[in-house]
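Hi,

Here is the structure I promised to pass on.

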Amino acid sequence: MKNSFHFDDFWIFGIFCNFLSNIVNLNLVTLFDLIGSGVSGKVKTAYGYEAIYGTAAVFHILAMVYGFFFIKDSHYIRSRKGMMPNNSSAAELTKENSSKTAAPKVNFSAIFNLRNIIESFKVAFRKREGGIRHIVIILMGLFGMYQFSNGIANININYAKKKFVWNTTDEFTETWSIVQSFSTGANLFAIGFIMPIMTQVLKLRDLSITAICVTSSLLGVTTILLAHKWEYLLLAYALRMFSDVVTVGIRSALTKIVGANDVGKVCWTKIK
């Protein structure tokens, strides 16, 4: 019997590999957040708040020790092992060698310069080719409005406490940790699996993805508002799985519109 392998199997396998890659690389922190949120309620009930904060303090200390004493710059590692620099490092090295004039030193007066603030605001109102200045203003307004709506994160716990009936504080703590863990897992699934499909397979535009993300956030918030049982919070966070990436599409669109030399681009699109 002959094995048949169609083209569709290739892109499905590619999406799956992309999903695993995102979990291992970009979303590793989110994955640990998912696990930590899920077990925190049980740990608090069994050992108290001291176990939660004590464990967090120990991991912070271990991270600092590891960062200071064990992490080495890749340039030194490659040089010690006689390895060729990667493409980005080689490009930087070539650029440095070809530069005849030394770059000016950065001082505090250059960082805390009021001109940077003024230039940041000028980005929004600067005349641009094709008359697209209003698009930049609208995108920046949408960015600001969404950041303002993130304030719901500060009242979610109090809302859940008063909205639903809980027999004990420990019951609420354990249930809420499960809800938060589910929310993190939904975000991880959206970013690691669905987003690659929208960008690589469906080839959706940045603002189309942004519209989907805003709709996702709206459905989630509405479900939270109308919920009469805590179980509906799981549905709400499933619908709201794209809420954390709303600004990604906006920043991506702004990156393509705003010039590379505009100071305000750093502020609004978070380009490093």
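Before the notes, one definition: a helix axis here is a line fitted to C-alpha atoms over the stretch in contact, and angles run from 0 to 180 degrees between N-to-C directions. Keep in mind as well that this is a predicted model.

First, the overall picture. Of its 272 residues, 25% count as buried. The chain exposes about 19600 Å², with carbon and sulfur atoms supplying 66% of that area. As for contacts with a separation of 6 or more, 69% of them are between residues 24 or more positions apart.

Now the helix pair I looked into. How do the axes of H11 and H13 cross? Helix H11 covers residues 206–226 and helix H13 covers residues 246–257; their axes come within 8 Å and cross at roughly 160 degrees. Angles over 145 degrees count as roughly antiparallel, so H11 is roughly antiparallel to H13. The crossing of the two is left-handed.

And which residues make the contact? On the H11 side they are Asp 206, Leu 207, Thr 210, Cys 213 and Val 214. H13 brings in Val 246, Gly 249, Ile 250, Ser 252, Ala 253 and Lys 256. Sorted by class, this contact has six nonpolar, three polar and two charged residues.

That's what I have for now.

Cheers

Definitions and conventions. Residues are numbered from 1 along each chain as its sequence is written. This is a predicted model: local features need pLDDT of at least 70, side-chain atom pairs count only at pLDDT 80 or more; totals for chains, interfaces and linings use all residues. Side-chain values use heavy atoms; hydrogens and water are left out. Helices (H or I, at least four residues) and strands (E, at least two) are DSSP runs, numbered from the N terminus. Angles under 35 degrees count as roughly parallel, over 145 as roughly antiparallel, 65 to 115 as roughly perpendicular and the rest as oblique. A crossing is left-handed if the near helix is turned anticlockwise from the far one by less than a right angle, and right-handed if clockwise. Contact means heavy atoms within 4.5 Å. Ala, Val, Leu, Ile, Met, Phe, Trp, Tyr, Cys and Pro count as nonpolar, Asp, Glu, Lys and Arg as charged, and the others, Gly among them, as polar. Buried means under 20% relative accessible area, exposed over 50%, partly exposed in between (1.4 Å probe, protein chains only). Accessible areas come from the Shrake-Rupley method with a 1.4 Å probe; for residues, only the protein chains shown count as cover.
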